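Please study the sequence and the model before reading each solution.

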Amino acid sequence: MTIAIARTLEDVQAQHGCVLVPTMGALHRGHRALIERAASIADAGQPVVVSVFVNPTQFNEQSDFDSYPRNPKRDHRFCAEAGATCIFEPALETVYPADGSVRPPPLPEAARLPGLEDAFRPGHFSGVCQVCRRLFELTRPVSAVFGEKDWQQLVVIRALVSMLELNIEIVAHETIREDDGLAMSSRNELLGPNHRRRAIALARAMVEAGRHDDPKEAEHLGRRILLASRIRPDYFCVRDAETLLQPSPDRPARVLVAARVGVPRLIDNAPWPGTRIPGC
Ligand code: AMP
């Protein structure tokens, strides 16, 4: 299976009108599901582009950026096998020209909500919105596929697209998990065996929290389960699935968690209540 490799502005022009899957590489089965979804919704002849770019502006710590797993050769093979027609691997200067003209866009409200990512990774969503707008500008997709694994990011990107009045359909794909319930993540590669075992507490805590239909009790129970595994979460909370504000009984809700487990910081989420995760 051959795959085009685009690196420059000129290369990527041939991909306009594509279905785009934005990634930071170190691809795993979660990304694969997104690429397969993209291939399944693409019309005949429509390019299916996977962008691989480790975006420096969304990292809070240089060490996290430096240690982020990278494996370009394996990524190429992976994209081709999953049905992509092009892999877009831009150089830093292609995404962010030296003249500083690519600025972060205005930030949607959902990116700045207290108690979620912004409280622990200030500036993260500014970088995410900056790179997504730039990737959209470079690849001009008709649709773009994002994972539910990063639920707040999904909500923020939808809001960004609507705010900028971009004509791009945002397609959400469900979270792909390991057999024991751990959500797949490039950062899982950084877990040692002991932390890998403990990391399943994230999924277990969400499932247990899903047995309660009072959000405060659910949050309390989830945090207790994490602490019992010596995991101190940045947050473990129940929020409205669409607005990420406090939940109300008549609207869909999600439980969202972020925690450092050893070196990597892991995030996950699931529908709440009645949370079901196979393997947990
Ligand atoms: P990343 O390379 O981590 O920036 O992720 C690129 C895309 O893959 C994002 O839309 C993520 O939400 C999605 N993604 C990452 N892990 C998973 C997973 N386990 N299941 C589904 N989508 C995922």
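**Exercise 1.** Which residue in E9 is the bridge partner of Arg254?

*Solution.* The model is predicted: local features need pLDDT of at least 70, side-chain atom pairs count only at pLDDT 80 or more, and totals for chains, interfaces and linings use all residues. Residues are numbered from 1 along each chain as its sequence is written, and side-chain values use heavy atoms, with hydrogens and water left out. Strands are DSSP runs of E, at least two residues, and helices are runs of H or I, at least four, numbered from the N terminus. Strand E8 (residues 253-260) runs antiparallel to E9, joined by eight bridges. The partner of Arg254 is Pro271.

**Exercise 2.** State the strand order of the sheet and identify its edges.

*Solution.* The order is E7-E8-E9 in an open, antiparallel sheet, where pairing requires at least two DSSP bridges. Strands E7 (233-240) and E9 (265-272) each have a single partner strand, so one side of each lacks a neighbour in the sheet.

**Exercise 3.** Describe how covered helix H10 is.

*Solution.* Seven of the nine residues of H10 are buried (under 20% relative accessible area, 1.4 Å probe, protein chains only). Among them are Leu202 and Met206. The buried residues pack against helix H9 (193-199), helix H11 (215-228), E7, E8 and E9, contact meaning heavy atoms within 4.5 Å.

**Exercise 4.** Which element gives the most to the lining of the largest cavity?

*Solution.* E9 does, with three residues. The lining includes Leu266, Ile267 and Asp268, as well as Leu202. A lining residue has an atom within 4 Å of a cavity point, on a 1 Å grid over the protein atoms alone, where a 1.4 Å probe fits but cannot get out.

Technical notes:
Buried < 20%, exposed > 50% of the residue type's maximum accessible area, 1.4 Å probe, protein only. 1 Å grid on protein atoms, 1.4 Å probe; cavity = no way out; pocket = protein on both sides within 12 Å on 5 of 7 lines; lining within 4 Å.
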